[in-house]
Amino acid sequence: MNHTEKIQHSLKKRHAREKRFRLYGLLSVSISILFLLSLLGDIGFKGMPAFWQTKVKLDIHLDPERLGLGPNPDQDDLFQANYQRLIADTLTRMFPDAKTRQQRRALKNLVSKSAAYELRDAVIANPQLLGQTRPFWFLAKDDVDVYMKGRIDRNLPESQRRIKDYQLAWIDTLKSQGRLKQGFNTTFFTNSDSREPEQAGIRGAFTGSMLTMLVTLSLAFPIGVLAALYLEEFAPQNNRWVDLIEININNLAAVPSIVFGLLGLAVFIGFFGVPRSAPLAGGLVLTLMTLPTIIITSRAAIKAVPNSIREAALALGASKTQVAFGHVLPLSLPGILTGTIIGMAQALGETAPLLLIGMVAFVADVPHSIFDPSTALPVQIYLWADSPERAFVERTSAAIIVLLLFLMAMNALAVFMRKKFENKW
Amino acid sequence: MTLDKTALVVDNNNNSTEVNLTGSASDTADMLDMTIGETVGKALLEDAKLNVRHANVFYGDKQAIHDISLDIGKNEVLAMIGPSGCGKSTFLRCLNRMNDTIPICRVEGSFLLDGEDIYDRRQDPVLLRSRVGMVFQKPNPFPKSIYDNVAYGVRLHGLAKNRAELDEIVEKSLRRAGLFNEVKDDLHKPGTGLSGGQQQRLCIARTIAIDPEVILMDEPTSALDPIATALIEELITELSEKYTIAIVTHSMQQAARVSNRTAYFHMGKLVEVNDTDSVFTTPQHPLTENYITGRFG
């Protein structure tokens, strides 16, 4: 065998190996795409219906007598009147076949409890409505909504489904009268958490997450970037203390996030008295968690700036600080931003430490500042995932969709900013 | 440097011992070391711009420069030649304290610029580097526009009172670097988009924009093609009318073309320094002769 033959012989093997390796790569990429698609598909399939909500039209006779109002009711009277009774009256009139206590309760539960509040708000806004009969669209109770979305099989035996036969009959009647419609679920975006699934929304959790992120970003970004800049550009090299700090930063990045939650509980809430459940506490804890990520990625970005640029500036008489802020920082900013967004995305999806500092509480209000009690999107998902109601299952997935969209928007922003800074020169 | 492969014949009528090249590379190095001895030629000048006496430079435990004394005269072009790793770049970087950026580097000896100690504790490296500019081996323009590259140092030191004056300095510097006509319409395009030779001239323009007294050049043409090299060499000759220039080069032809004096470094020592003509025509030290005749290096 001469030289060429030998090479040709080995060449066959090499090509085979290359082909095999490419196949493995393709296989793993396809598997990961498959997993991703099935995940997204499942979430989408479960969550999309939550963006629609069934409404029921009822013709309410706003009888001042039944409301227990005198001839000239003031605001307080209007506010405290029993609107629930009007809705019950209307339903009883429409479906007189509801005889037993159980059936009457079921009848009332065709519409959400929020119907009474809507009615009240309408009357307070326009007291002239009293005495008239008006059609109102109310949120349907979650069971009706779930049934309307086809998630309850009416062919099952009655004992195995949440909706009884008589309820089915009422729903069919309402449907045939055109009193049921499905519309975009604005409640999901305007309301905060609620015990009633049809009234539950993500606004509180979303605002809480935003406020928490705001705290985290405004602390973690400057601290992380300056720490990285100091460690890379100014800190003495081969110094024992600097090495120790470096090792500890790397260790911190690997600490389970729940430990940061415990630390936050002890230090921020226990010692410094930061209000419990507040985005401030959450932001501080997530800052601790995000800092190592930002520092490590920023240092890598700073390291990647060619030394020739530093030398060029130094040789022109720039001071170390001028080199760091005038050249190194702008040149490494795209990398730093990417790292920051990765860190922020991590923080946005973080649940465990927030549970420990009380952001898991049931909060039905939208937080107005970083000191108000609040929850966060991932925690809201966790809370809803724990609820047995079918309507919460779809809301869980819908909240996940919102969270994912939020993350995608953040990543898009990162890409946009990176491109923008790169094009500058 | 391929010492172990190169037959080295040392002239016996000189004061050095004969070198026998049968041993290993390190043996050879030891023997060469012994033969270097005192610097020959004309190392010291009267009324020099830079005076260096007994310079020793260490990288950690390793000594890179051994007891070098050398003067660089006003408006002279001093070429430093020698095989790779002989310490010429290290020596050059001592002259504007660029070695400060290397933590393990330690510099001893006296370095005087116009009689002022460069390494004095009160000496501010920022001020020093504005007086002693530097051009590097690889063109390293900032990733900014051509204009901003040249204006950077001027802005940094606040040398221009207003925009018009800045414009004037930028134009003048680019003209003196022989680049203005090529880039006058593209002043706001990135400096990194220029060709290698243009980038290096941009770096020279950037250096002379702050009007230093000394310009250090560390193999400024080693990354350039012959045409670009010729342009830079012409430029060096022109610049020497105004500035003192120390240039490290691997090309002996370049040293012969541009310099007034040439210093030959070997193994961290200054072997010979003299007027360029005499170094290349009548080298006094056998090592110098071997190097310039291409027997090793």
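Two strands count as paired here if DSSP finds at least two bridges between them. That helps with the first view of this predicted model.

**View 1. The sheet of chain B and its β7 end.** Seven strands of chain B make an open sheet, ordered β1-β11-β10-β4-β9-β8-β7, and the pairing is mixed. At the edges sit β1 (40-41) and β7 of chain B, each pairing on one side only. For β7(B), the partner to look at is strand β8 (residues 214-218) of chain B: the two run parallel and are joined by four bridges. To pick out one of the pairings, find G133(B), whose bridge partner in β8(B) is I215(B).

**View 2. Where chain B meets chain A.** Chain B puts 24 residues into the contact, and chain A puts in 18 residues. The size of an interface is often given as the accessible area lost when the parts come together. For chain B and chain A, about 1,700 Å² is buried between them, with 66% of it on carbon and sulfur atoms.

**View 3. Charged and polar links across the interface.** The count between chain B and chain A is one salt bridge. Zoom in on E311(A) and R93(B) to see a salt bridge with its closest N and O atoms 2.9 Å apart. Polar contacts across the interface of chain B and chain A come to four residue pairs, with both residues at pLDDT 80 or more. On the side of chain B that touches chain A, the elements giving two or more residues are α3 (125-131), β7 (132-135), α4 and α7 (196-209) of chain B. Sorted by class, that side of chain B has 14 nonpolar, six polar and four charged residues.

**View 4. L159(B) in its loop.** Look between α4 (146-157) and α5 (163-176) of chain B, and you'll find L159(B) in the loop. L159(B) counts as partly exposed because its relative accessibility is 38%, between the 20% and 50% cut-offs. Leaving out residues up to four places away in sequence, L159(B) touches V154(B), E165(B), I169(B) and I210(B). Take I210(B): 51 residues separate I210(B) from L159(B) in sequence, yet their C-alpha atoms are 7.5 Å apart in space.

View 5. Over in chain A, F136(A) is part of strand β2 (residues 133-139). With 14% relative accessibility, F136(A) counts as buried, since the cut-off for that is under 20%. Not counting residues up to four places away in sequence, F136(A) touches V56(A), K57(A), L58(A), I60(A), L62(A), L119(A), A122(A) and L129(A).

Conventions:
Residues numbered from 1 in each chain as written. Chains lettered and ligands numbered in written order. Predicted model: local features only at pLDDT ≥ 70, side-chain atom pairs only at ≥ 80, totals over all residues. Heavy atoms only, no water. Buried < 20%, exposed > 50% of the residue type's maximum accessible area, 1.4 Å probe, protein only. Contact = heavy atoms within 4.5 Å. Buried area = accessible area lost by both parts, 1.4 Å probe. Salt bridge = Lys/Arg side-chain N within 4 Å of Asp/Glu carboxyl O. Polar contact = N/O pair within 3.5 Å; in protein donor to acceptor, adjacent residues only side chain to side chain. Nonpolar A, V, L, I, M, F, W, Y, C, P; charged D, E, K, R; others polar.
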